[in-house]
Amino acid sequence: MGLAALSAFRGDVILAQSAAEAGIVSVMSGASLIPMETVANAAPRTWFQAYLPVDSARVDRYLARVEEAGFRVLVLTVDMPVAASPENMRRGGFSAPLEWSPTLIADGMTHPRWLLGTLLRTLAAQGMPCFENSFAEPRCSPEGNDQVFPRIPLVSRKTRLRFAARDALTWRDVHHVRSRWSGPLVVKGILGPQDAVLAREGGADAIVLSNHGGRRLDSAVSALRQLETVVDALDGFPVLIDGGFRRGTDVLKALCLGARMVLVGRPFNYALATAGACGVRHAIDLLATEVDRDLALLGVGSCTGLTRERIVRRFTCGSGGMTS
Ligand SMILES: Cc1cc2nc3c(=O)[nH]c(=O)nc-3n(C[C@H](O)[C@H](O)[C@H](O)COP(=O)(O)O)c2cc1C
């Protein structure tokens, strides 16, 4: 998740270190406010998630930076070709970068713990936070002083993050990334079997089935609903999944249906915002304990014993429609 350093002081580092201590994977966002090098140093086994720059010369430089930082696994998010409808974000006073407004200032003033413990502490330590790892165009970053890796400030009226305008990218670009990235490549944001097959043909080593937390395309199908179909289409190829996994039983259901790994976003972000490192450790512990307990209650010794037969379906879809 991007912007984790807004949830807590050095949030990305806390998330990555807490995951490393617990022996689980964490994925650092390319839309984070902490330089990737800092996170890679603090938790060397962290994976890096990238939004691809549009032109290939920049892609190469960007990938070189990620590799030099020490990341081994690259997660390429492909479900943000253009910006999502911004109406709910606008309603909440959110934009990327943020813009000074009475609502934003009032929000800060009415959350003194966050204001002091996160924002002012960050400002004192490093000045205005920037999108340190986005590959934005130099003209978007008049404040940036580095033409190769320009930085976009967190609060700015003049600049816009260019997560959008990626609609020119195609599967050829995934092939290109594959040719330049020597480590494992994971493509995130797949929702259907055809795209899953294209990702595999593009050289991915795994995919993440995801609808971006339901925050992009309204009415998009949930990743879990698509899981079986995609797993069947890929014949043993690793399928990871995220979106709405909150309880141990949620995780087990996905594993039964063929997911190799379940990724969890918002719960750890909320834990981070609530109680920093302590909160993240607690959230990991809660979920790990639930998974263990639920396995025992199922009478299964380890996750490898989870198979489709353990799922009892309430409904099946036949050619004549849905029957109970
Ligand atoms: C605040 C926030 C920021 C996110 N930023 C990113 C991002 O930078 N890159 C990305 O691939 N996905 C991003 N996502 C999507 C998550 O990685 C994940 O797909 C989604 O939240 C579903 O998991 P969850 O239901 O456990 O939160 C973000 C989600 C949230 C809520």
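**Notes on a predicted model**

Colleague: Where does Arg10 lie?
Modeller: Arg10 lies in the segment before helix 1, where helices (H or I, at least four residues) and strands (E, at least two) are DSSP runs numbered from the N terminus. This is a predicted model, in which local features need pLDDT of at least 70 and side-chain atom pairs count only at pLDDT 80 or more, while totals for chains, interfaces and linings use all residues. Residues are numbered from 1 along each chain as its sequence is written, and side-chain values use heavy atoms, with hydrogens and water left out.

Colleague: What is phi of Arg10 near?
Modeller: Phi of Arg10 is near 50 degrees, which is a positive value in a residue other than glycine. Arg10 is partly exposed, with a relative accessible area of 35%; buried means under 20%, exposed over 50% and partly exposed in between, with a 1.4 Å probe and protein chains only.

Colleague: And Asp235, where does that one lie?
Modeller: Asp235 lies in the loop between helix 9 and strand 8 (239-242), and its phi is near 55 degrees, again a positive value in a residue other than glycine. Asp235 is exposed, with a relative accessible area of 70%.

Colleague: Switching to helices: at what angle do helix 8 and helix 9 pack?
Modeller: Helix 8 (residues 193-201) and helix 9 (residues 223-234) pack at about 40 degrees, with their axes 9 Å apart; axes are lines fitted to C-alpha atoms, for helices over the stretch in contact, and angles run from 0 to 180 degrees between N-to-C directions. Helix 8 and helix 9 are therefore oblique to each other, given that angles under 35 degrees count as roughly parallel, over 145 as roughly antiparallel, 65 to 115 as roughly perpendicular and the rest as oblique.

Colleague: Which residues meet there, from helix 8 and helix 9?
Modeller: From helix 8, Pro193, Ala196, Val197 and Arg200 meet Gln226, Thr229, Val230, Ala233 and Leu234 of helix 9, contact being heavy atoms within 4.5 Å.

Colleague: How do the axes of helix 1 and helix 11 cross?
Modeller: The axes of helix 1 (residues 11-22) and helix 11 (residues 266-298) come within 9 Å and cross at roughly 20 degrees, and that makes helix 1 roughly parallel to helix 11. Among the residues making the contact are Ile14, Leu15 and Ser18 of helix 1, and Leu272, Gly276 and Val280 of helix 11.

Colleague: Aromatics next: how many aromatic pairs are there?
Modeller: The count comes to 2 aromatic pairs; rings of Phe, Tyr and Trp (its six-membered ring) pair if their centres lie within 6.5 Å, and planes under 30 degrees apart count as stacked, over 60 as edge-to-face and the rest as tilted. The ring centres of Phe48 and Tyr62 are 6.2 Å apart with the planes at 65 degrees, so this pair is edge-to-face. Phe48 is in strand 2 (residues 47-50) and Tyr62 in helix 3 (residues 56-69), so the pair ties together parts that are 14 residues apart in sequence.

Colleague: What about Phe48 and Phe71?
Modeller: Phe48 and Phe71 form a tilted pair, 5.1 Å centre to centre with 50 degrees between the planes. Phe71 lies in the loop between helix 3 and strand 3 (74-77) and Phe48 in strand 2, so this pair ties together parts that are 23 residues apart in sequence.

Colleague: Are Phe48 and Phe71 buried or exposed?
Modeller: Phe48 and Phe71 are both buried, Tyr62 is buried as well, and Phe48, Tyr62 and Phe71 form one aromatic cluster.
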